[in-house]
Amino acid sequence: MITASIKLSDITDYHEEIKGLASKTSSIMYLLGPNECTELLVKNLLILHPLHLVKTELGYLLIAGIRTFEMAKLLLKEDQVVNCCLHDLAALSQPELFNLALADIAGSLRLFNCAKNPEKQTKQLFENIGHDKVKTLFKKLTSKQKIDVRN
């Protein structure tokens, strides 16, 4: 795996091995809606949780980083260059590829779900950190909108 800088518009699709997994889980993955995020938040998330890609004859295909990719496609310009983890498809078995996607979807969902009541946790975040600081990353944090409800 190497780090590569790639335009969002050059990422053509999900890898075939994870398309079904991504579509079956999209409605349960998101508590935070795109209208609640700022461009700065998405750029920072892409640094912390980079997109994982493979290069094929079809172009760059996403294998992990699904949440950040979808948010980036909605909130960033198509010509935005992002740092990605580029995997060698020849060195990656199908189970390894699928497990990267599954760890991304299921593992991060479980690992980063910090509270039983996210609204209460968000309110405490605003109170403890300060509304102005939190507002640089988030817009109004109140909805339970799903990312798949979009234009």
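## Arg67, a buried arginine

Arg67 is buried, with a relative accessible area of 15%. Here buried means under 20% relative accessible area, exposed means over 50%, and partly exposed lies in between (1.4 Å probe, protein chains only). This is a predicted model: local features need pLDDT of at least 70, side-chain atom pairs count only at pLDDT 80 or more, and totals for chains, interfaces and linings use all residues. Residues are numbered from 1 along each chain as its sequence is written, and side-chain values use heavy atoms, with hydrogens and water left out.

Arg67 sits in helix 3 (residues 66-75). Helices (H or I, at least four residues) and strands (E, at least two) are DSSP runs, numbered from the N terminus. What does the side chain of Arg67 reach at 2.6 Å? It reaches the backbone oxygen of Ile105. Arg67 also forms a salt bridge with Asp104, and the closest N and O atoms are 3.9 Å apart. A salt bridge is a side-chain nitrogen of Lys or Arg within 4 Å of a carboxyl oxygen of Asp or Glu. Asp104 lies in helix 4 (residues 94-111) and Arg67 in helix 3, so the pair ties together parts that are 37 residues apart in sequence. Asp104 is buried too, at 5% relative accessibility.

## The overall fold

The protein has 6 helices and 5 strands. Along the sequence, they follow the pattern β-β-α-α-β-β-α-β-α-α-α. Of its 151 residues, 38% count as buried.

## Other salt bridges

The structure holds 5 salt bridges. One of them joins the side chains of Glu16 and Lys19 (3.9 Å, N to O). Both residues lie in helix 1, 3 residues apart, about one turn of the helix. Glu16 is exposed, at 58% relative accessibility. Lys19 is partly exposed, at 31%. Asp13, Glu16 and Lys19 are linked in a network of salt bridges.

Lys73 forms a salt bridge with Glu78, with the closest N and O atoms 3.3 Å apart. Lys73 is partly exposed, with a relative accessible area of 30%. Glu78 is partly exposed as well, at 39%.

Which residues of helix 1 (residues 16-25) are buried? They are Ile18, Leu21, Ala22 and Thr25. These residues cover an arc of only 100° around the axis, which puts them on the same side of helix 1. The arc is that of the directions from the helix axis to the C-beta atoms. On the other side, Glu16, Ser23 and Lys24 are exposed.

## An aromatic pair

The structure holds 1 aromatic pair. The ring centres of Tyr14 and Phe69 are 6.1 Å apart and the planes are at 80°, so the pair is edge-to-face. Rings of Phe, Tyr and Trp (its six-membered ring) pair if their centres lie within 6.5 Å; planes under 30 degrees apart count as stacked, over 60 as edge-to-face and the rest as tilted.

The pair links distant parts of the chain. Tyr14 is in strand 2 (residues 11-14) and Phe69 is in helix 3, 55 residues apart. Tyr14 is buried, at 18% relative accessibility. Phe69 is buried, at 7%.

## Ile47 at the surface

Is Ile47 buried or exposed? Ile47 is exposed, with a relative accessible area of 67%. Ile47 is found in helix 2 (residues 39-48). The C-alpha atoms of Ile47 and Thr68 are separated by 10.0 Å. Along the chain, these two residues are 21 residues apart.

Conventions
A polar contact is a pair of N or O atoms within 3.5 Å; within protein, one must be able to donate a hydrogen and the other to accept it, and residues adjacent in sequence count only if both atoms are side-chain atoms.
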